[in-house]
Amino acid sequence: DLPGVKELFARHAAKMTKRKRGDIYKYITPDYYGLRDEEDGVLLELEGRMADEGRGELKRCREEYREMKRQKGAVAGGVDGGSSGESSDEGVSLDGVDGGIAAHVAVPSQEVVAQVLLQKKKEALLNRFG
């Protein structure tokens with residue numbers, strides 16, 4: 001019943017109209033999607049530092065793994081004649097770039113695989129006929 005109150009609410013309701021999808025997307029810039037994050041160089045520097053730390057950690061883990069394999073090979077060396085069956089490709093970068101994907105698992109050579117398969121076939125035949 002107060003004068004001017006109805007007009008005040010009518011103006012406020014006009015401002016509160018629903019925004020359309022096109023109006024919302026009109027003000028979204030490439031910054032919203034992170035497409036310009038690398039332009040100032042700060043992010044590149046941080047990513048470079050983190051990548052270097054990751055490579056250092058990977059190198060440290062690889063050395064620990066190799067040392068563990070050497071110790072296991074020394075313990076088992078008397079049993080199998082000292083050959084641990086490791087290939088010389090252990091820890092080599094797969095994509096040819098330093099710091100890229102590295103092989104963490106010792107890949108056996110073709111001869112080792114052939115020996116293991118032959119041994120398993122012999123055991124299967126002995127179990128079947130013996």
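## A helix H3 pair

Glutamate 67 and arginine 70 are three residues apart in helix H3, so about one helical turn separates them. The two form a salt bridge, and their closest N and O atoms are 3.1 Å apart. Glutamate 67 is partly exposed, because its relative accessibility is 37%. The cut-offs behind that label are simple: under 20% is buried, over 50% is exposed, and partly exposed is in between.

Other salt bridges share partners. Glu57, Arg60 and Glu64 are joined this way into one network.

## Overall fold

This is a predicted model. The protein chain has four helices and zero strands. Along the sequence the pattern reads α-α-α-α. Helix H2 covers 21-26 and helix H3 covers 42-80, with a loop between them.

The protein chain has 130 residues, and 6% of them count as buried. It exposes about 11700 Å². Carbon and sulfur atoms supply 58% of that area. Take the contacts between residues at least 6 apart in sequence: 39% of these join residues at least 24 apart.

The structure holds seven salt bridges. How far apart are glutamate 64 and arginine 60 in helix H3? They are four residues apart, which means a separation of about one helical turn.

Both ends of this bridge are partly exposed. Glutamate 64 gets that label because its relative accessibility is 46%. Arginine 60 gets it because its value is 38%.

Arginine 55 makes a salt bridge with aspartate 52. Here the closest N and O atoms are 3.1 Å apart. Both residues lie in helix H3, three residues apart, or about one turn of the helix. Is arginine 55 buried, partly exposed or exposed? Arginine 55 is partly exposed, because its relative accessibility is 35%. Aspartate 52 is also partly exposed, at 48% relative accessibility.

## A nonpolar surface patch

Which residues form the nonpolar patch on the surface? They are Ile24, Tyr25, Tyr32, Tyr33 and Leu35. Together they have about 630 Å² of accessible area.

Tyrosine 32 sits in the loop between H2 and H3. Its relative accessible area is 61%, so tyrosine 32 is exposed. The cut-off for that label is over 50%.

## A negative surface patch

The surface also carries a negative patch. Its members are Asp37, Glu38, Glu39, Asp40 and Glu47.

Where is glutamate 38 found? It is in the loop between helix H2 and helix H3. Glutamate 38 is partly exposed, because its relative accessibility is 46%.

## Recap

The chain follows the pattern α-α-α-α, with seven salt bridges in the structure. In helix H3, glutamate 67 pairs with arginine 70, and arginine 55 pairs with aspartate 52. The loop between H2 and H3 holds tyrosine 32, a member of the nonpolar patch. That loop also holds glutamate 38, a member of the negative patch.

Key
Residues are numbered from 1 along each chain as its sequence is written. This is a predicted model: local features need pLDDT of at least 70, side-chain atom pairs count only at pLDDT 80 or more; totals for chains, interfaces and linings use all residues. Side-chain values use heavy atoms; hydrogens and water are left out. Patches are made of residues with over 30% relative accessible area and no salt bridge: like charges are joined within 9 Å, nonpolar side chains (Val, Leu, Ile, Met, Phe, Trp, Tyr) within 5 Å. Accessible areas come from the Shrake-Rupley method with a 1.4 Å probe; for residues, only the protein chains shown count as cover. A salt bridge is a side-chain nitrogen of Lys or Arg within 4 Å of a carboxyl oxygen of Asp or Glu. Lys and Arg count as positive and Asp and Glu as negative; His and the chain ends are not counted. The place of a charge is taken as NZ of Lys, CZ of Arg, CG of Asp or CD of Glu. Helices (H or I, at least four residues) and strands (E, at least two) are DSSP runs, numbered from the N terminus. Buried means under 20% relative accessible area, exposed over 50%, partly exposed in between (1.4 Å probe, protein chains only). Contact means heavy atoms within 4.5 Å.
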